[in-house]
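I set out to record helix packing and the nonpolar cores in this entry. The notes follow the order in which I looked things up.

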Amino acid sequence: MNLFDQANKDDNTTKPLAARMRPQNLDEFVGQEEIVGQGRLLRRAIKADRLQSVIFYGPPGTGKTTLAKVIANTTEAEFESLNAVTSGVKDLRQIISRAKERRGMYNTETVLFIDEIHRFNKSQQDALLPAVEKGTVTLIGATTENPYFEVNSPLVSRSRIFQLQLLDKQDIIEILKRALKDEARGLGRYEVEIETKALKHLAQVANGDARQALNALELAVLTTPESKRGVKEITLEVAEESIQQKAIKYDQNGDNHYNVISAFVKSLRGSDPDAALYWLAKMIKAGEDPMYIARRMIVHAAEDVGNANPHALMVAVSATRAVEYVGLPEARIPLAQAALYIATVSKSNAVIKGIDSALKAVEEENTSGVPTHLKDNHYPGAKELGHGASYRYPHDYPNNYVPQQYLPDELSEAKFYQPTTNGYEQKIKEFLEELD
């Protein structure tokens, strides 16, 4: 008997809601469409009972053990399980021995689920390797750590890695709604009315962890007395208390979304690092998309800092890449670093003034086009037309510069870029003045 067999025999009323509501099959599974959606490889393999060794990698509460349970419920193979925290080489050898007997005597395959496989040391993983290599067992590993760093390379190379992502808010809401309706395993035996904002708060604060959201919902329902109507009314205040985090007043699709990002950008522009950190923290806490924040900083770095400090744009772009690589909560650090850098450097909007005035000139002016000496002369017949004939190559002259006209005749005196005296732009200004 494995842990899943035992779990099924336990009285549902004694188990936490998250355990009771664990999906029994793929149709009940919510989220992770990239790996178990219709037509996906893993879904096809589970349904066909043709699973090869796999390692599920992802944060807590995203469905790793649940997928193992689904496989346990659908496979015709014998299902064994271990937790790497409490098991050792002796336990592994016993399972492998039983697997060999089943294959030899009954031609029955064995699927071995190892939870927290990264907790096995090298010798324990080495003991498992031959059985996986020979197909004595089909391995299902679950880990919250990157298997490419925490699991032996030979095991990784013999397994397909499936990375599970944090569930999005709508997935969590769907899971909570199912729990409220399910009378057999969920909370459907209670008359519950839950405010929409309370439901959204539980889903938001859970941060992609279905287990945390379900635990909070169960606590809210069980500790809330019935009203005179015989209904348990779950308000936002009850939800906040149950999940121990106060709701941030922030509507990602309404005024707050635009007002807070406006305050953030204006704090950056106004060189107030403390205000910038505060509005950044508010957006992070409220669940704003960190990539949206990063993109806004890229725009600000070019629009309001510009060439007064060209490094600001590089810092903002680097922060964006960092957000892509590590995600929250760690991404808060490069986001804060970029915000502080941008808020505390010299500012200039000469770049945006320059490009906007140039765009206006393109829209309004009728010009004769590209001057003849700037036209391309590399295609056949171009030189005969005089293209590029009088062009002067700057590197042939002292200081790699020679005066000549680069704008159309009608705009030859135009000055779109007007560098300021702020930061590095002072040097640009001095350089251009020397050329004149």
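**Helix pair H16 and H18**

The model is a predicted one. The axes of H16 (residues 290-305) and H18 (residues 332-343) come within 11 Å and cross at roughly 20°. Angles under 35 degrees count as roughly parallel, and H16 and H18 are therefore roughly parallel to each other.

I then listed the contact residues: Pro290, Ile293, Ala294, Met297, His300, Ala301 and Val305 on H16, with Leu335, Ala338, Ala339 and Ile342 on H18.

**Helix H11**

I turned to H11 (residues 196-205), in which Ala198, Leu199, His201, Leu202, Ala203 and Val205 are buried. The cover over these buried residues includes H10 (169-181), strand E6 (192-194), H12 (210-223), strand E7 (232-234) and H13 (236-243). Just after H11, I noted a positive phi of about 55° at asparagine 207.

**Nonpolar cores**

Which residues of the largest nonpolar core touch the most other members? Of its 29 residues, they are Leu17, Ile172, Leu176, Leu202, Leu214 and Leu217. Helix H2 (17-20), H10, H11, H12 and H13 each give two or more residues to this core; the largest share, seven residues, comes from H12.

For leucine 202, I set aside neighbours within four places in sequence and found contacts with Leu176, Ile194, Ala213, Ala216, Leu217, Ala239 and Ile243. Another core, of 27 residues, lies apart from the largest one and has Val260, Ala276, Leu335 and Ala336 among its members.

Definitions and conventions
Residues numbered from 1 in each chain as written. Predicted model: local features only at pLDDT ≥ 70, side-chain atom pairs only at ≥ 80, totals over all residues. Heavy atoms only, no water. Axes fitted to C-alpha atoms, helices over the stretch in contact; angles between N-to-C directions. Helix = DSSP H or I, 4+ residues; strand = E, 2+ residues; numbered from the N terminus. Parallel < 35°, antiparallel > 145°, perpendicular 65-115°, else oblique. Contact = heavy atoms within 4.5 Å. Buried < 20%, exposed > 50% of the residue type's maximum accessible area, 1.4 Å probe, protein only. Core = buried A, V, L, I, M, F, W, Y, C linked by side-chain atoms within 4.5 Å.
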